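Subject: Structure handover

Hi,

Here is the structure I promised to pass on. Please have a look at it first, and then read my notes below.

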Amino acid sequence: MKEANDLVFFGGADVNEENSFNTDFLSVFCREFMFLCHFDGEKDSCSVKIINGEALGLSAGEEKNFSDFGQFLSRVLKYIHPEDAESVGRIFTPEGYREVLENSNFETFNVRWNYGEMGYLYNQLVVAAAGDSRSAVIIGMKEIGKEHRERIIRENINMKYASAILSLSREYPHVYIVDLESNDMSVCADIDPSSGLFAQYEHGIDYDETIASYIRDVVYPDQQEHMLLVLSREYVKWSLRENNAYTREFLNKEEQYCEITYLQPNPESDSNMVIMGLGVKDEEIRAKIEDARQREFQQSLMEGLSKEYHTVFLIHPDRTMELYRTTGVSTIMEALRIGMEVKDYSICLPLYVRRYVAADDQDRILEEATFYNLIKNVPENGILPITYKRVDSTGEETYHQTCFAKAKGLDGETNIVMAFRDVDATIRQQIREREQYNSVVKERDSDGLTSMNNRLCYERRIKEYPEFEAGSISVIYVDVDGLHELNNTKGHEAGDIMLKFVAYLIQEKWGIDHTYRIGGDEFTAFLFDVAEEDLLKEMEAFRARITEEGYRVSMGECTAPLAGIDMTEVIKKAEERMYAEKRSHYSGKNDRRRR
């Protein structure tokens, strides 16, 4: 069958000498259309035939003549989305369709049509010439498939955020639209998906799953845990709360520097919609890092590493110390006096550490900051920072940092530059950010009644368990018996008390990290590298403790090697064993369902 546009044009040419219009003939070829309308501008006649289903309040096969084109237009606009109605109204005038058809015999437009309970869905509106004079036109409305509708929606979204997409596409080869609320991500239409790092996806991408997979497959191993945190939807939203852009740099497994940027195009109206740019920017970032290192190195020698550093000492190979620069900050004047009076680094360092460094940091500083270790560990043209808690005369602890760099003397010998700075505000801000993130995650993953990990957390974790470094995994499936009866006889408060007790005992027995409440009265626990006979003993001890409290549970377990595991099958087997035990319990005298 020909395309709809060709069919309409073919039908439009079927005009006899009296300038009449054969809608019956055309409808045979245009069965996918909802309706066809013929408007003759010279005769001011307008006739409509319904092709499929119901349209315009008419049934399939029904024909209707309208007194004028305005009457037909009013009927059409009742079914078109208000945002599309204005543009349709401009087209559906003699001047409008003549302008539309000025350079072609037909045009198509995407409009949203009201389907009642289904809401507005995109359809295709076709306008075709019905004669050489263009005084007559054929108008048809055609349903389109789901894939075509999704493409239109993506194109509209891309158009809405075109400025932000264009801005990022100039910097990054891969650009995506992300809905941080619904966890949905789409490849932008003007980016070739085959060249993207997520080439297997185009639309409806699960952001959480894809980012986790990308980090696991691409990001340098030492940075993976950190990147999972800073690229999570919660962290990105939190980072965009004040600025409309958020950027992170990282290394891939080929040790190339990459960069990812989130741009919030409309923070006021669409705060959850962001444009994400991603790409390898190894040369640019290395050049930036090297430039920063060179500047910082020169500054470390000439200006005390940076304006943030209070004091700079130069330590010579013979361990003698030379004060290079100081701002006179009172909190370190004692350290200056030690350095200026003793002038021997091997003596000055222990004196300073024992007097002013918090006890739990002292041994570490004394080890890391020996002159020998500094010569060995301070990078060439780089800085080695050592952060610690400093205790002032009142006993208050604040975070400080001593940074070390290498500097060649005129004699070619390696000297060490030592600089001090206060980093208390920075470290405490990082701690607050981490605590805030943990609070958000805990609220998201916690069960409201028992404070255990909830089902949302469970469904995410079981996808991660096959990647754990362990030989085997054991699943314990627990179902609390008699919850319904207890709620009916003693009230829901009694039922809640029972569930809380069971949850408490599960966590006490098998920890809090891998135990979950996955339903009203269902719980699971996961253990690693536990012998099955030991597991069964633990379950018996758990049952006994539950029985002492006057409650009862049904339990099932399954243990399997992690290599090549199908978590769904292992969990299903544990659940089946639990239900077998429950049926055994209820099949005898305890079966309350017979009473």
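The chain as a whole averages a pLDDT of 79, and 80% of the residues score at least 70. Residues 1-20 also have pLDDT below 50, with 37 contacts in the model beyond near neighbours in sequence.

As for the ground rules, this is a predicted model, in which local features need pLDDT of at least 70 and side-chain atom pairs count only at pLDDT 80 or more, while totals for chains, interfaces and linings use all residues. Residues are numbered from 1 along each chain as its sequence is written, and side-chain values use heavy atoms, with hydrogens and water left out.

**Pocket and cavity**

Rolling a probe the size of a water molecule over the atoms shows where empty space is left. The search ran on a 1 Å grid over the protein atoms alone: a cavity is a set of points where a 1.4 Å probe fits but cannot get out, a pocket is an open set with protein on both sides within 12 Å along at least five of seven lines, and lining residues have an atom within 4 Å of a point. Points are joined across faces, edges and corners, and a volume is the space filled by probe spheres set on them.

The largest pocket has a volume of about 1800 Å³. It is lined by 45 residues, and L228, R444, R460, R461 and E464 are the closest to its centre. Helices and strands here are DSSP runs numbered from the N terminus (helices H or I, at least four residues; strands E, at least two). Those that give two or more residues to this lining are α8 (207-218), α9 (224-230), α10 (233-239), α16 (424-445) and α17 (455-464), and α8 gives the most, with eight residues. By class, the pocket lining has 16 nonpolar, 11 polar and 18 charged residues; here Ala, Val, Leu, Ile, Met, Phe, Trp, Tyr, Cys and Pro count as nonpolar, Asp, Glu, Lys and Arg as charged, and the others, Gly among them, as polar.

What is the count of cavities of 30 Å³ or more? The count is one, and the largest cavity holds about 160 Å³ of space. Among its 17 lining residues, L349, Y352, T402, M418 and F420 lie nearest the centre. The elements that give two or more residues to this lining are α13 (345-356), β15 (383-391), β16 (397-408) and β17 (414-422), with α13 giving the most, five residues. The cavity lining has 16 nonpolar residues, one polar and no charged ones.

Two of those elements, β15 and β16, pair in the antiparallel sense over nine bridges (two strands pair if DSSP finds at least two bridges between them). T387 stands opposite Q401 in β16. Five residues lie between the strands of this hairpin, where G395 takes a positive phi near 90 degrees.

**Sheets**

Six strands make an open, antiparallel sheet in the order β9-β8-β7-β12-β11-β10. β9 (205-206) and β10 (245-251) are at the edges with a single partner strand each, so one side of each is left without a neighbour in the sheet. Within it, β7 (174-179) is joined to β12 (273-280) by six bridges, and I177 has I275 as its bridge partner.

A second open sheet, of four strands, has the order β19-β20-β18-β21, again with antiparallel pairing. Its edge strands are β19 (515-517) and β21 (553-561), each pairing on one side only.

Helix α19 (492-510) lies across β18, β19, β20 (522-528) and β21, running at about 0 degrees to β20. Helix α21 (567-586) also packs on this sheet, where it touches β18, β20 and β21 and makes about 150 degrees with the direction of β21.

Best wishes

Key: pLDDT is the predictor's confidence in each residue, from 0 to 100. Contact means heavy atoms within 4.5 Å. Axes are lines fitted to C-alpha atoms, for helices over the stretch in contact, and angles run from 0 to 180 degrees between N-to-C directions.
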